[in-house]
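The model is predicted.

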Amino acid sequence: MSVEAAMRDARAALQRGEAAKAEGMARLLLVQAPSGATYELLAATLRRQDRLEEALAASDTAVRLDPNNVTAQHGRAQVLSRLGRFAEAVAIFDALVAGGVTAAPLWLNRGVALLGLTRTAEAEAAFADGVRRWPQDAGLQNALASVRWMTGAGEAFVQDYEAEVQRHPDASTLRLGCADLLRRADLRDRAEAMLREGLAREPNNAALQGALGVVLDESDRTAEALPLLQRAVAGAPGNAAARGNLIAALLRLSRSDEALALRAPLRRAQPYNGEWIAYEGMALKQKGDPRYHELFDYDLMVQPFDLPPPAGYATIEAFNAALREALDRLHVLETHPLDQSLRGGSQTTRSLLTIDDPVIKHYVEALDAPVRAYIATMQKPNHPWSGRKTDNFKFAGSWSVKLKANGYHINHLHPEGWISSAYYVWLPEATRSGEGREGWIKFGEPRWPTPGCTIEKLVQPKEGRLVLFPSYMWHGTIPFSSGERMTAPFDIVPA
């Protein structure tokens with residue numbers, strides 16, 4: 001087989017989501033024909049597997065071997081951006097633009113890097129320019145609408161996206177993306193109308209059927225949603241997300257046996273996917289099956305740790321005051337990201353792990369001991385919580401959330417995590433006093449009301465307190481009436 005044909009096969013494997021297989025093919029190519037192109041192919045496979053330091057090394061070699069390879073330069077900047085080295089990434093993106101490169105992914109990734117630098121207005125301008133150039137690019141439309149939402153545009157945040165859907169009514173990818181943003185912004189009537197217009201043009205489009213089913217389910221019209229969700233699964237039997245949407249609806253209709261049967265192959269294929277574990281627990285709870293308490297032992301698995309002050313700070317209060325000041329500088333947006341759980345507040349635009357600030361670094365370093373103490377309590381063999389027990393772990397993300405009065409987190413879980421957390425930097429007075437349990441974290445209650453599934457445990461926050469729990473547990477917060485609440489959560493996964 002020629003090198004060109006082998007590269008095509010490797011790219012096809014990557015396109016199918018077979019990143020490890022594509023990596024093996026790329027490494028064979030490196031033996032046969034090392035070049036900038038083959039090293040960039042290897043870097044692409046490593047990026048897909050989140051092996052970012054290895055990907056950067058491969059990208060460095062690709063650019064060294066072929067300095068004029070635009071794909072290699074762009075790929076290197078992508079890795080730098082994902083590593084939090086946004087300034088270096090922007091410099092490369094800017095150089096590519098100055099050199100005459102025009103491509104939608106370049107405009108998108110440059111905007112993402114600008115957002116990471118908290119240069120919000122420039123990021124929005126980059127996305128807007130990209131949308132003018134490539135109006136049918138769903139990634140750019142989504143990015144522009146999302147930034148406008150977070151900067152306070154209100155219901156008009158998606159107007160460019162809606163206009164493009166009207167201009168190209170048969171572009172189902174655009175229609176689905178726009179409707180999903182409307183749904184996440186709680187504008188479900190507009191999302192429903194957009195999806196029904198699409199189904200009038202394509203009655204058998206499984207993706208449109210499933211999306212409308214989700215909107216109806218979230219509008220407490222689950223019985224009406226069910227046939228649409230069933231048709232979506234029948235039309236795309238390999239789509240795990242479509243199956244998950246159907247399982248959630250079945251549970252809301254108390255059809256737990258059907259939900260368990262539909263969930264079984266998903267859990268076998270992805271035994272540690274938090275969504276499938278949560279759905280199994282909900283079904284067992286509905287059936288009164290004692291195995292529920294084996295999966296969800298709240299008293300054992302939800303553990304608070306009160307952090308000691310890091311070196312150089314007399315008290316944890318003094319440290320938290322410094323941490324609050326450092327995090328406040330990163331909160332540049334007006335409202336929540338549409339794909340996150342918070343309501344009535346903002347989230348930082350970049351991972352805390354990538355920020356060169358001594359106070360934030362002290363915070364991250366202080367987490368190691370309580371995480372190891374938590375892991376040491378894991379004693380259940382063959383269990384999705386403790387069956388992954390290892391001392392070799394890594395952070396899968398770390399961010400900060402600032403909630404305003406009446407803010408809260410909707411009930412949610414972290415499907416790809418292992419251990420999740422809440423660390424309390426600053427709390428409103430009502431949360432400190434415990435009155436009405438305002439601002440408390442709750443466990444066990446699903447995102448949408450589901451028969452038999454209610455709050456199982458409540459934990460009172462405390463400044464300097466870290467709460468650790470399995471990522472597959474439903475968790476959310478009770479709103480608070482006044483003041484401000486700042487947290488710095490993170491996720492842990494086995495390395």
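The second largest cavity is lined by Y272, G274, I277, P384, R388, H414, P415, G417, W418, S471 and Y472. Its volume is about 60 Å³, and its lining residues divide into 6 nonpolar, 4 polar and 1 charged. In the predicted model as a whole, a search finds 2 cavities of 30 Å³ or more.

**Largest cavity**

- The largest cavity holds about 70 Å³ of space.
- Its lining consists of A278, G281, M282, K285, Y292, F296, Y298, G444, C453, M473 and W474.
- Helix α17 (residues 274–287) gives the largest share of this lining, with 4 residues.
- By class, the lining of the largest cavity has 8 nonpolar, 2 polar and 1 charged residues.

**Second largest pocket**

- The second largest pocket has a volume of about 180 Å³.
- R11, L14, Q15, A37, E40, L41, A44, R48, N69 and T71 make up its lining.
- Two or more residues of that lining come from each of α1 (3–15) and α3 (36–48).
- The largest share, 5 residues, belongs to α3.
- The lining of this pocket contains 4 nonpolar, 3 polar and 3 charged residues.

**Aromatic pairs and cluster**

- The count of aromatic pairs comes to 11.
- One of the pairs is W107 with W134, in edge-to-face geometry, with 5.2 Å from centre to centre and 70° between the planes.
- W107 belongs to helix α7 (residues 104–116) and W134 to the loop between α8 (120–133) and α9 (138–150), so this pair ties together parts that are 27 residues apart in sequence.
- W107 is buried, at 8% relative accessibility, whereas W134 is partly exposed, at 23%.
- The ring centres of F443 and F469 are 4.9 Å apart and their planes lie at 70°, so this pair is edge-to-face.
- F443 is in strand β6 (residues 441–443) and F469 in strand β8 (residues 465–470), so the contact ties together parts that are 26 residues apart in sequence.
- F443 has a relative accessible area of 0% and is buried; F469 is also buried, with a relative accessible area of 0%.
- Y292, F296, Y298 and Y472 form one aromatic cluster.

**Charges over rings**

- R432 places its charged end over the ring of W426, 4.8 Å from the ring centre.
- R447 has its charged end over the ring of W448, at 4.0 Å from the centre.

**Strand β11 and its partners**

- Of the 5 residues in strand β11 (residues 490–494), 4 are buried, and the strand is mostly covered.
- Strand β3 (residues 393–398) runs antiparallel to β11 and is joined to it by 5 bridges.
- S398 has F490 as its bridge partner in β11.
- Strand β5 (residues 419–426) also pairs with β11 in the antiparallel sense, over 2 bridges.
- On that side, the bridge partner of S420 in β11 is D491.
- In a regular strand, side chains alternate between the two faces of the sheet.

- D50 has a positive phi, near 60°, and is a residue other than glycine.
- D50 sits in the loop between α3 and α4 (52–65), and it is partly exposed, with a relative accessible area of 48%.
- T118 likewise has a positive phi, near 60°, in a residue other than glycine.
- T118 is found in the loop between α7 and α8, and its relative accessibility of 28% counts as partly exposed.

Notes: Residues are numbered from 1 along each chain as its sequence is written. This is a predicted model: local features need pLDDT of at least 70, side-chain atom pairs count only at pLDDT 80 or more; totals for chains, interfaces and linings use all residues. Side-chain values use heavy atoms; hydrogens and water are left out. On a 1 Å grid over the protein atoms alone, a cavity is a set of points where a 1.4 Å probe fits but cannot get out, and a pocket is an open set with protein on both sides within 12 Å along at least five of seven lines; lining residues have an atom within 4 Å of a point. Grid points are joined across faces, edges and corners, and a volume is the space filled by probe spheres set on the points. Ala, Val, Leu, Ile, Met, Phe, Trp, Tyr, Cys and Pro count as nonpolar, Asp, Glu, Lys and Arg as charged, and the others, Gly among them, as polar. Rings of Phe, Tyr and Trp (its six-membered ring) pair if their centres lie within 6.5 Å; planes under 30 degrees apart count as stacked, over 60 as edge-to-face and the rest as tilted. Buried means under 20% relative accessible area, exposed over 50%, partly exposed in between (1.4 Å probe, protein chains only). A charge sits over a ring if NZ of Lys or CZ of Arg is within 6 Å of the ring centre and within 35 degrees of the ring normal. Two strands pair if DSSP finds at least two bridges between them.
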